[in-house]
Amino acid sequence: MRMFWILVLGFTACIAHASCPPHKFTDPAQVRIDGDSVMIVTHASSNDDGRIASKFGVDEAVRFAQKNRIPIIYLQDDRPAERYFMENCSPDYWVFSQGGEIPFALTQSNVYIAGGHLELCLALTLNDILEKWAKQPQRNHKISLFMDGIFSNGREIMESDPY
């Protein structure tokens, strides 16, 4: 029994260290992204990912972006900020995004994605990226998804779906 409580306290301590301190959101009109690449982290929180299964992948994706000097944007909704579990609390921008939408200009042709619920908020992020690209002059674009940093629980997948 004692070992159980040690594990519970250790897990609780890890979660406590996982949240970022209070921060201000950047006005979407003020987001300026240098270069042709950007990392967008959509709603990386335990609000939907209760087991924090995507944390390792999100943190690795952010490290990749930092190592390659790729600007990082965290999208956060209005649910409790302490549930956001990124290790790095210093992205280039924190932007408010209720449903995963991208409220800022996006002209980069190389977008890296992590975080988010695949069938919900992340689907809206991806839809917005494609919509923004469709309104720009034609050129090659690439979206790279860090699958270990994406959450899905299958709630939005029906047995009757063809896939």
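The legends below describe close-up views of a predicted model.

Local features require pLDDT of at least 70 and side-chain atom pairs count only at pLDDT 80 or more, whereas totals for chains, interfaces and linings use all residues. Residues are numbered from 1 along each chain as its sequence is written, and side-chain values use heavy atoms, with hydrogens and water left out.

**View 1. Overall fold.** The protein has 3 helices and 5 strands, arranged along the sequence as α-β-α-β-β-β-α-β. Helices (H or I, at least four residues) and strands (E, at least two) are DSSP runs, numbered from the N terminus. Of the 163 residues, 42% are buried, where buried means under 20% relative accessible area, exposed over 50%, and partly exposed in between (1.4 Å probe, protein chains only). Among contacts with a separation of 6 or more, 76% join residues 24 or more positions apart; a contact is a pair with heavy atoms within 4.5 Å.

View 2. The 5 strands form an open sheet with parallel pairing, in the order β3-β2-β1-β4-β5. Its edge strands, β3 (93–96) and β5 (142–145), each pair on one side only. From one strand to the next the twist averages 25°. Two strands are taken to pair if DSSP finds at least two bridges between them. Strand β2 (residues 72–76) runs parallel to β3 and is joined to it by 4 bridges, with I73 opposite Y93 in β3. Helix α2 packs on the sheet, where it touches β1, β2 and β4 (110–114), and its direction makes about 160° with that of β1. Helix α3 (residues 121–134) also packs on the sheet, touching β1, β2, β4 and β5, at about 165° to the direction of β5. Axes are lines fitted to C-alpha atoms, for helices over the stretch in contact, and angles run from 0 to 180 degrees between N-to-C directions.

**View 3. Strand β1.** Because 6 of the 6 residues of β1 are buried, the strand is largely enclosed by the rest of the structure. S37, M39 and V41 point one way, while V38, I40 and T42 point the other way. In a regular strand the side chains alternate between the two faces of the sheet. Strand β1 pairs with β4 in the parallel sense over 5 bridges and is joined to β2, also parallel, by 4 bridges. M39 stands opposite Y112 in β4 and opposite I72 in β2.

View 4. S54 lies in the loop between β1 (37–42) and α2 (55–67) and is buried, at 3% relative accessible area. Beyond its neighbours within four places in sequence, S54 contacts D49, F85, D148, G149, I150 and F151. The structure holds 1 cavity of 30 Å³ or more, and the largest cavity contains about 50 Å³ of space. A cavity is a set of points, on a 1 Å grid over the protein atoms alone, where a 1.4 Å probe fits but cannot get out; lining residues have an atom within 4 Å of a point. Grid points are joined across faces, edges and corners, and a volume is the space filled by probe spheres set on the points. The lining includes S54, D49, F85 and F151.

**View 5. N88.** N88 sits in the loop between β2 and β3 and counts as buried at 15% relative accessibility. Not counting residues up to four places away in sequence, N88 touches C20, V62, Q66 and Y74. N88 and Q66 are 22 residues apart in sequence and 10.0 Å apart in space, C-alpha to C-alpha.

Conventions
1 Å grid on protein atoms, 1.4 Å probe; cavity = no way out; pocket = protein on both sides within 12 Å on 5 of 7 lines; lining within 4 Å.
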